[in-house]
Amino acid sequence: MTVTLYGFWRSLAAFRVRAALEYKNIPYTEKIINLFQGDQFSESYHALNPQHVIPLLNHDGKHISQSMAILEYLDAVWSQSSILPKDPYEQSYIRSISLISSADTHPLLIPRVRKYLNETYQADEATQTQWARHWLNIGTQAIEDRLMNEKLHGKFTLGDDISLADFVLTSHVVGARLFEADLSMAPTLVSIANHCLDLDCFKKSHPLQQPGSPGFK
């Protein structure tokens, strides 16, 4: 049984998957797709994922794209340390709060969007950063409000057990910190992320601990 993750240090979505693989103790290798160099547009990667995005998971020849789908696949195939609750409402809550970041916020930050802003609207790097912070702040506030309205959180998003949402929400906070966005309105979200970042699976998977990152040693 072989597992290969196609990822890159700067990818928050790859961070989510990497952390889940570590949390579940699933042996894997990571193949770096350098988004800055355009590896995602190579013929070999196009054959694997014509959307030209990461992460991509290869499990014994089967390819799964999109981080949320990968996380659910990992939980279905490797049942140890489950990250999805059994209760249908709690499952829907975990998915919906995760999608605030993974579907509504994160897609607006990725390199191809910022490149389009530059090429089409002449948005310089400072303007692109301002754009990213704007959408991160909106997502942060929405997540915090949801956490406080539902009141299902404990140490983590759902009580004191790690769930799928913790991988996504932690990547959101890490992204906000990388872009120096405002997290002051979200003490609950930040507390949850900090609890996650104290765990070895998140520490080892952190973007700045990956080969090629500015913080890698």
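How many of the 15 residues of α7 are buried?

Modeller: First, a heads-up: this is a predicted model, where local features need pLDDT of at least 70 and side-chain atom pairs count only at pLDDT 80 or more, while totals for chains, interfaces and linings use all residues. Residues are numbered from 1 along each chain as its sequence is written, and side-chain values use heavy atoms, with hydrogens and water left out.

Now to α7, residues 164–178 (helices are DSSP runs of H or I, at least four residues, numbered from the N terminus). Of its 15 residues, 13 are buried, so the rest of the structure largely encloses α7. Buried means under 20% relative accessible area, exposed over 50%, and partly exposed in between (1.4 Å probe, protein chains only).

At 61% relative accessible area, Glu180 counts as exposed. Its side chain meets that of Arg133 in a salt bridge, 3.5 Å from N to O (a side-chain nitrogen of Lys or Arg within 4 Å of a carboxyl oxygen of Asp or Glu). Arg133 belongs to helix α6 (residues 125–150) and Glu180 to the loop between α7 and α8 (187–197), so this pair links distant parts of the chain, 47 residues apart. Arg133 itself is partly exposed, at 30%. Searching the whole structure turns up seven salt bridges.

Terms used. Helices (H or I, at least four residues) and strands (E, at least two) are DSSP runs, numbered from the N terminus. The expected span of a helix is 1.5 Å times one less than its number of residues.
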